[in-house]
Amino acid sequence: MNIDNVNTDLLLSMKEDVRQAYEELHSKGLNLDLTRGKPSAEQLDFSVDLLSLPGENFTSPSGLDVRNYGGGVGLTEIRQLWADVLGLPVDNVIAGDASSLNIMFDLISWAYTFGTNDSERPWSAEEKLKWICPVPGYDRHHSITELFGFEMLTVDMTDEGPDMDQVRELAKDPAVKGMWAVPMFANPTGVTYSQQTAEALAAMETGAPDFRIVWDNAYAVHTLTDEFPEIINILDVAEKAGNPNRFWAMSSTSKITFAGAGLAFFASSTENLEWYKKIANVRGIGPNKVNQLAHLQYLKDAEGVRDLMRKHAGSLGPKFTRVVEILQRRLGDLNVAEWTVPEGGYFISVNLLDGTAGRVVELAKKAGVALTAAGSTYPLKQDPNDRNLRLAPSMPTIEQLEVAMEGFATCVLYAAIEMVEHDAGQR
């Protein structure tokens with residue numbers, strides 16, 4: 001967002017009204033939270049019947065007593081259910097516990113400690129480690145590669161996914177070991193990768209023979225409408241491109257049933273899964289199959305998952321619509337902000353005037369509206385332009401959301417007026 005494009009006269013004519021609106025906001029003593037994409041209580045109630053399962057029958061359809069040890073790759077039936085959801089072969093899907101973030105952390109940790117099945121040495125033995133991060137992106141992804149000391153290289157997001165010219169160039173470096181990707185309804189932009197982008201990622205040349213793309217399909221079925229976009233079979237794409245081991249794909253039920261008490265899924269090539277299982281079988285003696293059976297009984301099949309997600313869309317859709325309406329009404333004619341209008345996922349990405357994102361967060365905090373910290377969508381939490389903010393509309397009620405968004409818009413205008421006046425003073 002360039003200050004030269006701001007409707008300066010109109011913005012400055014609003015100065016006194018904005019000041020008064022902010023004082024009123026501050027006086028309300030609000031305590032509203034737009035920081036993280038947590039499901040609302042209404043959404044969590046959709047799956048409350050899950051808590052009474054699996055009842056008194058602890059035998060899986062294939063005859064396995066789920067209360068006992070074993071079954072390291074998870075119940076066959078829940079793997080088949082999720083393979084049907086994602087359009088993948090069941091033999092290439094493993095069912096685990098809780099959160100796909102756990103699996104992602106394990107994969108990076110094990111590659112760092114032992115090397116992958118395509119590595120000449122453990123990643124920790126490399127002179128340098130680098131990782132590609134499309135931005136704005138998911139803060140918890142960045143935290144993993146930050147912890148292991150990777151230099152994180154940013155690439156811009158387009159309407160079809162990451163800028164592939166930038167990705168191809170960076171991937172030529174043998175020190176670049178991989179890339180983060182949220183291919184559907186990406187966090188926070190809501191972008192869905194095109195088939196062309198997926199094929200380009202699968203086929204591109206890489207300097208590192210053990211280059212991996214973490215294909216985090218966290219929002220694969222998280223539509224905000226009744227429509228479910230086609231899910232790219234990335235394993236098939238990689239196989240056809242001659243790089244079957246390139247993708248580590250994952251998904252979970254964290255925002256479908258219960259966060260932290262759901263299931264995680266890992267899908268990859270047969271060779272990658274054999275490498276994973278070899279280490280996972282030392283780490284533990286199997287996942288929580290009782291919970292897997294409960295989810296199987298509750299969800300039943302892929303259409304059962306989609307039915308549940310339609311309920312989530314019914315709860316989330318009006319909130320996202322209201323956020324966009326308020327942003328358009330309050331900011332649309334001033335050119336002080338631009339925002340995404342996602343068709344799925346959990347976030348709205350907002351770009352403000354360069355240099356004002358941190359100030360908006362500060363103003364909102366003082367007024368009792370908690371926003372995700374400026375810079376959070378960039379590696380090391382450093383947005384070089386201090387302009388991007390991520391809004392999470394899911395947790396508040398729609399009434400609370402309206403108050404929070406009116407307050408957010410006021411803070412954006414307040415910071416923009418300060419910036420315009422500062423710029424005028426510098427000239």
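The model is predicted, so local features need pLDDT of at least 70 and side-chain atom pairs count only at pLDDT 80 or more, whereas totals for chains, interfaces and linings use all residues. Residues are numbered from 1 along each chain as its sequence is written, and side-chain values use heavy atoms, with hydrogens and water left out.

**Exercise 1.** Describe the division of the chain and the contact between its domains.

*Solution.* Step one: domain 1 covers 3-43 + 307-425 and domain 2 covers 60-300, with bounds from an automatic or database domain assignment. Step two: their centres, taken over C-alpha atoms, lie 31 Å apart. Step three: 28 residues from domain 1 and 30 residues from domain 2 form the contact (heavy atoms within 4.5 Å).

**Exercise 2.** State the area buried between domain 1 and domain 2, and identify the residues of domain 1 that lose the most.

*Solution.* Step one: buried area is the accessible area (1.4 Å probe) that two parts lose on being put together, summed over both. Step two: here the area is about 2,500 Å², and carbon and sulfur atoms give 64% of it. Step three: L308, M309 and P379 lose the most area on the domain 1 side, together 22% of what that side buries.

**Exercise 3.** Determine how many salt bridges cross the interface of domain 1 and domain 2.

*Solution.* Step one: the rule requires a side-chain nitrogen of Lys or Arg within 4 Å of a carboxyl oxygen of Asp or Glu. Step three: a salt bridge joins the side chains of R36 and D139, at 3.3 Å from N to O.
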